[in-house]
Amino acid sequence: MTTEHDQRVADTLDRLRQAQAPAQVEAIRIEALGKQGWVSQLMKTLGAMTPEARQAEAPRIQGMRTRIAAAIEERKEALEAEALERRLAAEHLDLTLPAPEQPLGTVHPVSQVMDELAEIFADLGFTVASGPEIEDDWHNFTALNMAETHPARAMHDTFYFPDTGPRGRRMLLRTHTSPVQIRAMMEQGAPLRLIAPGRVYRSDSDATHTPMFHQVEGLVIDRGIHLGHLKWTLETFLRAFFERNDLVLRLRPSYFPFTEPSVEVDVGFALEDGPRGPVRVLGGDGDAPGHGWMELLGSGMVNRRVLESAGVDPDVYQGFAFGLGVDRLAMLKYGMDDLRAFFDGDLRWLRHYGFGPFAQPSLSAGIGARA
Ligand code: FA5
């Protein structure tokens, strides 16, 4: 008996070692350990034995069962590991290939223009900064020389939160990207050269105003900065952005509490005949016959009171800042006529005005290359 069983166990272990597929292992398991399996049958014989015989036989049969069960487990794991190895070696996924059967999404023109801006300003040595969209009124207004009672606060139709935030400050959705100026100066000190793109919010809606829109703030702080630096930077940026060297800028005196002097910048355009009436073509002297000016951005020399609020010594450092409406830039460059359509999520609009996911803007490929 004993040798016969031992032989059978040895056979089973042998066959297990040779099994090449999980199904073979399973067949061997059923044959030995299944309900009708031979080891299970042996277990059943224990009941009919005398107590002495059972005492001798039980551990022997249990031992066989344990050895076979362990061998089955071991072979299963080995086979699974081999299968995994084979799959890993055989399968590969080329993540650079577009999925041909799937409709491709497009990059929103605002995202594309943001990338274009970052690319151009990075080339001019600007870093990219950011700040929170939920802001307090100190960063959004007070530190920018707009005290509680300042009438300019009313110019921004502000969304306020019902509850106050830390230090009892009123909380709001930031109305412009200018609070990032304050945060950057307080965190990094002078000198500084950065842009801060992001979402801003005002309670406003028509063809050129939406309750949420995008701005890019620019800030340069250093010794001896003057208006000439501002003009050169904006001219260089706008020429690169619109890919035209004949752009003419007009700097117009303006007012912002946080800059002194303040300038609004217009760009000259010509009216040309288009298929559906006159179209604005950027470039040329806006005062010439058949020409005009379009406002693009607000800017100016950083007010010394703003530098003081942010802990920068205005007797040592000067700076300029500007704030651009990104959505308006996109409209001008890519020819959309209604800003509200930017945020409707209409697939036809997105397919028409969107950019291919591979159309990464780069100075070498042409900043607005479509793919
Ligand atoms: C500002 O927001 C200033 N923070 C800009 C600034 C920064 C001036 C730094 C000086 C120094 P203004 O409210 O004019 O300024 O907005 C700037 C630009 O945002 C506008 O020229 C316009 O292009 C865009 N803009 C303003 N309101 C809306 C709106 N509701 N929808 C879309 N674009 C808007």
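Q: Why is Asp 266 called buried?
A: Asp 266 has a relative accessible area of 2%. Buried means under 20% (over 50% is exposed, in between is partly exposed; 1.4 Å probe, protein chains only), so Asp 266 counts as buried. A word on the basis: this is a predicted model, where local features need pLDDT of at least 70 and side-chain atom pairs count only at pLDDT 80 or more, while totals for chains, interfaces and linings use all residues. Residues are numbered from 1 along each chain as its sequence is written, and side-chain values use heavy atoms, with hydrogens and water left out.

Q: What makes Asp 266 and Arg 250 a salt bridge?
A: Their closest N and O atoms are 2.9 Å apart. The rule asks for a side-chain nitrogen of Lys or Arg within 4 Å of a carboxyl oxygen of Asp or Glu, so the pair qualifies. Asp 266 lies in strand S8 and Arg 250 in strand S7 (residues 249-256), 16 residues apart; strands here are DSSP runs of E, at least two residues, and helices are runs of H or I, at least four, numbered from the N terminus. Salt bridges with shared partners join Arg 250, Arg 252, Glu 264 and Asp 266 into one network.

Q: Is Arg 250 buried or partly exposed?
A: Its relative accessibility is 28%, so Arg 250 counts as partly exposed.

Q: How do you know that Asp 136 and Arg 169 form a salt bridge?
A: Their N to O distance is 3.6 Å, which meets the cut-off. Asp 136, at 9% relative accessible area, is buried, and Arg 169, at 17%, is buried too.

Q: What separates Glu 26 and Arg 29 along helix H2?
A: About one helical turn, because they are 3 residues apart in helix H2 (residues 22-33). Glu 26 is partly exposed at 29%, and Arg 29 is partly exposed at 28%.

Q: What makes a set of residues a nonpolar core?
A: Its members are buried Ala, Val, Leu, Ile, Met, Phe, Trp, Tyr and Cys residues joined through side-chain atoms within 4.5 Å. The largest one here has 46 residues, and Leu 117, Phe 237 and Leu 329 have the most contacts inside it. A second, separate core of 25 residues includes Met 146, Ala 184, Leu 219 and Val 312.

Q: Which residues is Phe 237 in contact with, leaving aside its neighbours within four places in sequence?
A: Phe 237 has heavy atoms within 4.5 Å of Leu 117, Ile 120, Phe 121, Leu 324 and Leu 329.
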